[in-house]
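Here are some exercises to work through with the model open beside you. Try each task on your own before you read its solution.

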Amino acid sequence: MAALIAENFRFLSLFFKSKDVMIFNGLVALGTVGSEELFSVVAFNCPCSPARNYIYGLAAIGVPALALFLIGVMWNNHTWNLVAECHKRGIKNFSAAATFLLFGSILGRASVAPITWSVISLLRGEAYICALSEFVKPSSLDKFPADYGAEVLAKFPCRDVPANLTKARDEVTRRLRYESQLFGWLLIGIVAVLVFLTKCLKHCCSPLSYRQEAYWAQYRSNEDKLFRRTAEVHSRILAAKNVKQFFGFVALDKEEKELVQEFPVEGVQPSPQWNAITGVYIYRENKGFPLYSRLHKWAKGVEGNGPTPEGHELLFLAS
């Protein structure tokens with residue numbers, strides 16, 4: 001039981017494992033701020049009509065946030081690694097807690113942009129005022145005429161009101177902007193607390209030392225860069241070889257000729273090798289030696305992704 005609890009707690013360290021993640025999240029947030037500002041200036045236009053205001057105001061906040069969330073999910077490598085893992089091997093190697101936290105990692109990173117969008121929208125207040133102006137109780141307003149109702153209140157965001165309602169319009173706008181900004185600041189505070197607690201859990205539960213974790217992050221980054229660069233060269237040389245076989249010659253520039261001469265490509269990697277290096281990777285050690293990626297594990301000839309008598313698996317997701 002103690003080992004199972006320790007295993008599941010170690011998996012908490014899948015969140016925010018490197019400075020690269022924080023920098024990326026910051027860039028996403030800044031990009032979202034710019035997009036929200038542009039949307040508010042160019043696209044946002046409250047209909048100022050009962051029943052339509054509420055739908056439009058919520059859509060202005062929720063629909064872009066949903067789109068940004070889905071884009072974040074699609075851009076996360078974990079998403080497609082998880083799809084490949086489920087397709088090729090299933091998730092039998094993951095405990096329920098590990099699976100839950102894996103999804104939490106994907107959803108958490110994808111939430112950066114939509115949360116930023118929602119916060120900026122709430123702090124600006126236009127969408128919130130548009131959505132809820134018609135629901136303000138006339139009785140809560142000082143000297144509000146009894147013959148006016150939701151239809152007039154719905155026009156407050158557009159400032160298209162009789163002169164005798166200017167004071168009431170200012171009061172409604174001020175009240176709703178206060179509520180909107182309050183919710184925005186509360187959302188910022190809640191997210192900040194969650195990020196702080198997550199970072200604390202990550203450092204407390206990580207099975208790796210700070211220096212080894214930094215080395216692992218550098219290794220993952222270098223392996224990914226070298227793999228992509230080598231794959232691009234390999235595919236180009238293989239394509240040149242096949243084109244030459246078809247036409248009898250191939251039109252290469254000087255750089256490509258040097259690549260073909262320097263790196264002879266005899267064939268392609270079989271599908272089992274591609275499957276072995278594709279999917280979700282869980283950090284593990286074999287006979288005390290760390291294995292930093294699926295490619296590293298394949299190069300060392302280690303089979304499977306579950307714990308073995310020779311190795312101790314640590315539930316620590318690779319980013």
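**Exercise 1. Helix H9**

Which residues of H9 are buried, and how does the span between its end C-alpha atoms compare with 1.5 Å a residue?

*Solution.* Please keep in mind that this is a predicted model.

Step 1. Go along H9 and keep each residue under 20% relative accessible area. The buried ones are Ala168, Arg169, Val172, Thr173, Leu176, Ser180, Gly184, Thr198, Lys202 and Cys205.

Step 2. Check the span. H9 has 40 residues, and at 1.5 Å a residue it should span 58 Å. The end C-alpha atoms are 58 Å apart, which agrees.

Step 3. Cysteine 200 has 31% relative accessibility, so it counts as partly exposed.

**Exercise 2. The recorded transmembrane regions**

Which residues does UniProt list for "transmembrane region", and what is the helix content of residues 182–201?

*Solution.* Step 1. Read the record. The unreviewed UniProt entry lists residues 21–42, 54–75, 96–117 and 182–201 under that name.

Step 1. Take residues 182–201 in the model. This span is 100% helix and 0% strand, with 29 Å between its end C-alpha atoms.

**Exercise 3. The disulfides**

How many disulfides does a search of the whole structure find, and in what pattern are the bonded cysteines joined along the chain?

*Solution.* Step 1. Count them: the search finds two. A disulfide is a covalent bond between the sulfur atoms of two cysteines.

Step 1. Take cysteine 46 and cysteine 130, whose S to S distance is 2.1 Å. Their link has 80 degrees about the S-S bond and is right-handed. Cysteine 46 sits in the loop between helix H2 (19–42) and helix H3 (52–75), while cysteine 130 belongs to helix H7 (residues 126–132), so the pair ties together parts that are 84 residues apart in sequence. Cysteine 46 is buried, at a relative accessible area of 10%, and cysteine 130 is buried at 0%.

Step 2. Move to cysteine 48 and cysteine 158, whose sulfur atoms are 1.7 Å apart. The torsion about their S-S bond is about 95 degrees, so this disulfide is right-handed. Cysteine 48 lies in the loop between H2 and H3 and cysteine 158 in the loop between helix H8 (150–153) and helix H9 (166–205), so the pair ties together parts 110 residues apart in sequence. Cysteine 48 is buried at 10% relative accessible area, whereas cysteine 158 is partly exposed at 37%.

Step 3. Number the bonded cysteines along the chain, and the pattern reads 1-3, 2-4.

**Exercise 4. The nonpolar cores**

Which residues of the largest nonpolar core touch the most other members, and which element gives the largest share of this core?

*Solution.* Step 1. Look at the members. The core has 21 residues, and Phe44, Leu141, Phe144, Phe156, Leu165, Val172 and Leu176 touch the most other members.

Step 1. Assign the core to elements. H3, H7, H8 and H9 each give two or more residues, and the largest share, four residues, comes from H7.

Step 2. Zoom in on leucine 141. Setting aside neighbours within four places in sequence, leucine 141 is in contact with Val136, Leu153, Ala168, Glu171, Val172 and Arg175.

Step 3. Look beyond this core. A second, separate core has seven residues, including Leu208, Tyr281, Tyr283 and Val302.

Notes: Residues numbered from 1 in each chain as written. Predicted model: local features only at pLDDT ≥ 70, side-chain atom pairs only at ≥ 80, totals over all residues. Heavy atoms only, no water. Disulfide = S-S within 2.5 Å. Buried < 20%, exposed > 50% of the residue type's maximum accessible area, 1.4 Å probe, protein only. UniProt positions renumbered as here; feature names shortened; annotations may be inferred. Core = buried A, V, L, I, M, F, W, Y, C linked by side-chain atoms within 4.5 Å. Contact = heavy atoms within 4.5 Å. Expected span 1.5 Å × (residues − 1).
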